Amino acid sequence: MTTIEKRNTLPSEPPGSFGLPFLGEAIDFVVSNPQNFAKKRHQKYGSIFKTSIFGQPTIFVSGIEACRFVLSNENVYFQNDMLPNMKTLIGSSALTTQTASIHKNRKQILQKLFSRQYLNEQTETIQAITQNYCQRWEKLGKFAWYYELQNYSFDIAGKLFIGEDFASSSSLGNLYKIWSEGLFSFSPNFPWTKLGRALRSREKILQQLEKIISQRIKINNIDRYQDALSLLLQARDEDGNSLSSIEIKEQILNLLSAGHGTLASALTSFCLLLAKNPEILVKCRQEQQQLNLSSSLSLENLQKMIYLEKVLKEVLRKIPPVGGGFRKVIRKCSFDECLFPKDWQVIYQISLTHQEPSLFAFADTFDPERFNSINQDSVESYIPFGGGRRRCLGENLARLEMKIFAAILIREYDWELTKNQNLKIVQTPFPHPRSGLKVNFKHI
Ligand code: HEM
């Protein structure tokens, strides 16, 4: 057994309860949502505890050291894991499901999409889509923003990854919605269940992607496009072979999914937190006035928006779109007297780590200024994009999208929350107010 211990006592299973036979504590996990489930047990047992979800023994970890232990030992003690329906729906040849050397190779290939040069070329496209949506919202005047932002972020993903305009309102967008409803479900596979419907949609999405690929190959014009699909069609693996057709399609499906719900959640939280903290919105506007930049949002101009940068960082600390990540123990190990038996599931907690008062003082307060002087421990505990080998592939794109959206909004628009709505945060699939964030929206 490999042991990484902080103290000299023999390790044993972490504190916690396995709950009922077979179900374990799954009912509470599903009903009270993963974040509240973890919070309650964190208060009772501390930062590492065990539970069982549908018969799967699981260890939750939070805090800087325990998360670092999990994130830095990918392929050594841990490997990526996910909910069973998610695995089935994404497929086995997408980046999120690939492991070890194949994962490393594909991540290197895909990383080209998020280089500075590539992102610079995308700023105009993202700006144009944002301006279009703002004009639509101005006409609507009153709407539930979260659902609009889901379409908005899917349109950007569709354009950047497969070159499709208005993807959210196409048949691909409709199929994708049904597919994504199955992702976080625990439903069994019958034709009428969420999983059954999502699997049928998956087949149709793959067929549509096949058509797009054939068209590109037919006109022999793969490299004319500057998107993920074109990159994948030209990519070669370690042995110099092209990627298989099913892998290319699954990689695209994975990118569409990873890059869309997370972003919609982050932008919704930005709009909510600024509406609730008008003094911060005023400071954002003052920064824009002081900078007095041209209307073009180049990467260079965006980098000058230092205060806005801190606001967006704080949005991701306070309401991280991804609450945590799943791993499987591939080799027995231990940490801080706690044993991690082989084949157990591990969930590292981003949201609980961001709420740790010793790392983030007054963690409940939305305070962008906390990033003015932040110590090394807090820097390392700030993990909205995860860490280690599985760190978010799209981090730079996500930050760019958030900044363009935020800059356009604070320069040109005003919004207020409508009365009598339920702003309690629902965590699944991604955090958002239960009401969908209803606002009145207008040009300044
Ligand atoms: C604010 C927005 C986003 C947040 C907060 C976020 C967060 C995360 C986190 C925490 C992980 C690691 C999960 C784990 O450790 O299991 C992750 C992985 C990933 N993200 Fe993001 N993400 C965001 C946007 C995006 C975008 C725009 C893309 C674009 C394609 C993207 C693509 C991915 C992919 C492909 C992975 C898997 C990486 C791997 O397995 O190596 N994400 N993301």
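## Strands β5 and β8

Strand β5 (residues 324-329) pairs with β8 in the antiparallel sense, over 5 bridges. Two strands count as paired if DSSP finds at least two bridges between them. Strands (E, at least two residues) and helices (H or I, at least four residues) are DSSP runs, numbered from the N terminus. Look at lysine 328: its bridge partner in β8 is glutamine 345.

Keep in mind that this is a predicted model, where local features need pLDDT of at least 70 and side-chain atom pairs count only at pLDDT 80 or more, while totals for chains, interfaces and linings use all residues. Residues are numbered from 1 along each chain as its sequence is written, and side-chain values use heavy atoms, with hydrogens and water left out.

## The rest of the sheet

Strands of a sheet pair through backbone hydrogen bonds, either parallel or antiparallel. Here, 5 strands make an open sheet in the order β1-β2-β8-β5-β3, with mixed pairing. At the edges sit β1 and β3 (78-80), each pairing on one side only. From one strand to the next, the twist averages 35°; axes are lines fitted to C-alpha atoms, for helices over the stretch in contact, and angles run from 0 to 180 degrees between N-to-C directions.

Valine 61 has tyrosine 348 as its bridge partner in β8. β1 (residues 48-53) and β2 (residues 56-61) pair antiparallel over 6 bridges, and they form a hairpin with 2 residues between them. Phenylalanine 54, in that turn, has a positive phi of about 50°. Helix α2 (residues 33-45) lies across β1, β2 and β8, at about 135° to β1.

## Around the ligand

What holds the ligand's iron atom from the protein side? A single donor does: Cys392 (SG), 2.3 Å away. Donors are N, O and S atoms within 2.8 Å of the metal (3.2 Å for Na, K and Ca); water is not among the atoms, so sites may look incomplete. Cysteine 392 is found in the loop between α17 (376-381) and α18 (395-412).

Polar side-chain atoms also come up to oxygen atoms of the ligand: one from lysine 107 lies 2.7 Å away, and one from arginine 327 lies 2.8 Å away. The elements giving two or more residues to the shell around the ligand are α5 (100-111), α11 (245-258), α12 (261-276) and β5.

Notes
Contact means heavy atoms within 4.5 Å. A polar contact is a pair of N or O atoms within 3.5 Å; within protein, one must be able to donate a hydrogen and the other to accept it, and residues adjacent in sequence count only if both atoms are side-chain atoms.
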